[in-house]
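Please read the following report alongside the sequence and coordinates. It moves from the overall fold to selected residues.

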Amino acid sequence: MESTMNQNHIAQYLLLRIKEASARLKAVATVVTQPTAKGTVGEGVLHDVIRGFLPIRCEVTSGFVVKPAGGKLRQSSQIDILIYDCDKSSPLYRDKNLAVVTADMPRHAIERKKMMNKSKLMETI
């Protein structure tokens, strides 16, 4: 027997995923009070949520992008959420929470901010 799914089911699913991530963040906030540690945990939760929607060939982590410039390798500033394609090539460096990739690998680079205003947006851009 075939089952049907409509847009309400999908919206409900996405809302539950958001609530799940929010609950994880609230749970951690009850035992972790140090701001940098909270930020690290927040990024980890975002990585997990995003990873659930990506094709298997993609990875999500924090990291850096390097590219050749004048005979040297130039490194980006740290990227909070770096999504790269594992099928293109292997990262230059990778561990559980950090990767260094070449400029041809990233699919998306996202800067996570707890609070955003116009000046912070302009600074990020």
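What percentage of the 125 residues in the protein do buried residues make up? Buried residues account for 22% of them, where buried means under 20% relative accessible area, exposed over 50%, and partly exposed in between (1.4 Å probe, protein chains only).

## Basis of the model

This is a predicted model, in which local features need pLDDT of at least 70 and side-chain atom pairs count only at pLDDT 80 or more, while totals for chains, interfaces and linings use all residues. Residues are numbered from 1 along each chain as its sequence is written, and side-chain values use heavy atoms, with hydrogens and water left out.

## Overall fold and surface

The protein contains three helices and six strands, which follow one another from the N terminus in the order α-α-β-β-β-β-β-β-α; helices (H or I, at least four residues) and strands (E, at least two) are DSSP runs, numbered from the N terminus. Of the contacts (heavy atoms within 4.5 Å) with a separation of 6 or more, 49% are between residues 24 or more positions apart.

The accessible surface comes to about 9,500 Å², and carbon and sulfur atoms hold 57% of that area; accessible areas come from the Shrake-Rupley method with a 1.4 Å probe, and for residues only the protein chains shown count as cover.

## Helix α1 and the segment before it

Helix α1 has 23 residues and spans 33 Å from its first C-alpha to its last, close to the 33 Å expected at 1.5 Å a residue, the expected span being 1.5 Å times one less than the number of residues. The N-terminal end of α1 is capped by N6, which places a side-chain oxygen 2.8 Å from the backbone nitrogen of N8. M5 lies in the segment before α1 (7-29) and is exposed, with a relative accessible area of 63%. Together with I10, Y13, L14 and F53, M5 forms a nonpolar surface patch of about 520 Å² accessible area.

Within helix α1, R17 counts as buried at 16% relative accessibility. Not counting residues up to four places away in sequence, R17 touches D48, V49, G52 and F53.

## F64 in strand β1

F64 is found in strand β1 (residues 58-69) and, at 18% relative accessibility, counts as buried. Although F64 and S76 are 12 residues apart in sequence, their C-alpha atoms are 5.6 Å apart in space. Leaving aside neighbours within four places in sequence, the contacts of F64 include S76, L82, L98 and V100.

Methods. Patches are made of residues with over 30% relative accessible area and no salt bridge: like charges are joined within 9 Å, nonpolar side chains (Val, Leu, Ile, Met, Phe, Trp, Tyr) within 5 Å. A salt bridge is a side-chain nitrogen of Lys or Arg within 4 Å of a carboxyl oxygen of Asp or Glu. A polar contact is a pair of N or O atoms within 3.5 Å; within protein, one must be able to donate a hydrogen and the other to accept it, and residues adjacent in sequence count only if both atoms are side-chain atoms.
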